[in-house]
Amino acid sequence: MAEPTEATTGRPSSAPPSAAPARGRPGGVLQKMGKGQITHVVAVGSGKGGVGKSSTTALLAAELRRRGLAVGLLDADVTGPSIPRLFGLSGPLVDKGEGIEASRSASGIPIVSSQFLVEDEQAPVIWRGPLVTRLIMQFFGGVNWGKLDYLLIDMPPGTSDVPLTVFQTIPIDGMVFVFTPQDLAAMIVKKAMNMARDLHVPLLGVVENMSYLSCPHCHERIPLFGAGSLDKIAGEYGVPVLGKVPVDPALSDAADHGRIEGYASPEIAAIAEAFLAAVAHQTSDALTTL
Ligand SMILES: Nc1ncnc2c1ncn2[C@@H]1O[C@H](COP(=O)(O)OP(=O)(O)OP(=O)(O)O)[C@@H](O)[C@H]1O
Ligand SMILES: [Mg+2]
């Protein structure tokens, strides 16, 4: 008989490290945890998968870090974690009894990911809902994040159980959405944006990835996937356009080789600028509401 898997036993294929108890009640009615010393918790989401959400999250984190900000990265894409690969990091995560120590990128970004809990990069994480909930809570409340200006969360794509868990347990201050110019991506991102809006998570802005290719010879912008509907969607939701990321083989190469932190461009710098302005605007709005 085949060995029982986590899917049948309810146990994780590799157990998460023990951590300081997360504030919240897995198994009961979920409640949001406190933010500790983190000033802004911002999630990055998408509707469809594969639109460059993790890359955008990583690039934004790296750019904010270059500006001297204290940034952390929580990879909440439990079943499809890609943040460690982008930064060239591997596990394991260590807990010396005082909470989980995040792994650190070359520029010092603390990062946690379910990828650090499996020995083999190809090993699937097959966990049932309650365990995923516990993991998400531990990754937020059980990690020694220290003092952070921004904790960015790479959300799983779509509107399934895991994003819902993140929304229900982590006190998210705002959310950025990434999509590509194709109609299908635009249509599906609206589902995710509506979910965030229904759960009262402020929408900070939208980013279009793979917007165009810059001709290496004449620098003309070639809209590979059409004109897209970035402005239209931003208008519909009353949120700012944070920017556009071109298709760039150098970005793909940096991502594949774990060197995404080394990739910088005027477009990414502009997105970081717009992001910081959107957070400042949202924070002042929140103060006015008080
Ligand atoms: N602007 C870009 N130019 C070139 N390659 C890109 C660009 N954006 C993303 N990629 C590449 O496309 C692939 C998918 O990107 P990424 O993993 O960031 O997408 P995702 O939306 O997070 O996917 P998933 O839904 O699987 O989490 C990666 O190999 C990445 O390097
Ligand atoms: Mg991803």
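**What the terms rest on**

Visitor: How do the residues of the shell around ligand 1 divide into nonpolar, polar and charged?
Guide: They divide into 7 nonpolar, 10 polar and 3 charged, where Ala, Val, Leu, Ile, Met, Phe, Trp, Tyr, Cys and Pro count as nonpolar, Asp, Glu, Lys and Arg as charged, and the others, Gly among them, as polar. This is a predicted model, in which local features need pLDDT of at least 70 and side-chain atom pairs count only at pLDDT 80 or more, while totals for chains, interfaces and linings use all residues. Residues are numbered from 1 along each chain as its sequence is written, and chains are lettered from A and ligands numbered from 1 in the order in which they are written.

Visitor: What makes a residue part of the surroundings of ligand 1?
Guide: Its C-beta atom, placed from the backbone, must lie within 6 Å of the molecule; 20 residues surround ligand 1, and the closest are G49, G52, S54, S55 and A255.

Visitor: Why is strand β7 called mostly covered?
Guide: A residue is buried if 20 or more other C-beta atoms lie within 10 Å of its own, exposed if 12 or fewer, and partly exposed in between; in β7 (residues 148-154), 6 of the 7 residues are buried.

Visitor: How do you know that β1 and β7 pair?
Guide: Pairing requires that DSSP finds at least two bridges between two strands, and 6 bridges join β1 (residues 38-45) to β7, running parallel, with V41 opposite L151. Strand β2 (residues 71-75) also meets the requirement, since 5 bridges join it to β7, again parallel.

Terms used
Helices (H or I, at least four residues) and strands (E, at least two) are DSSP runs, numbered from the N terminus.
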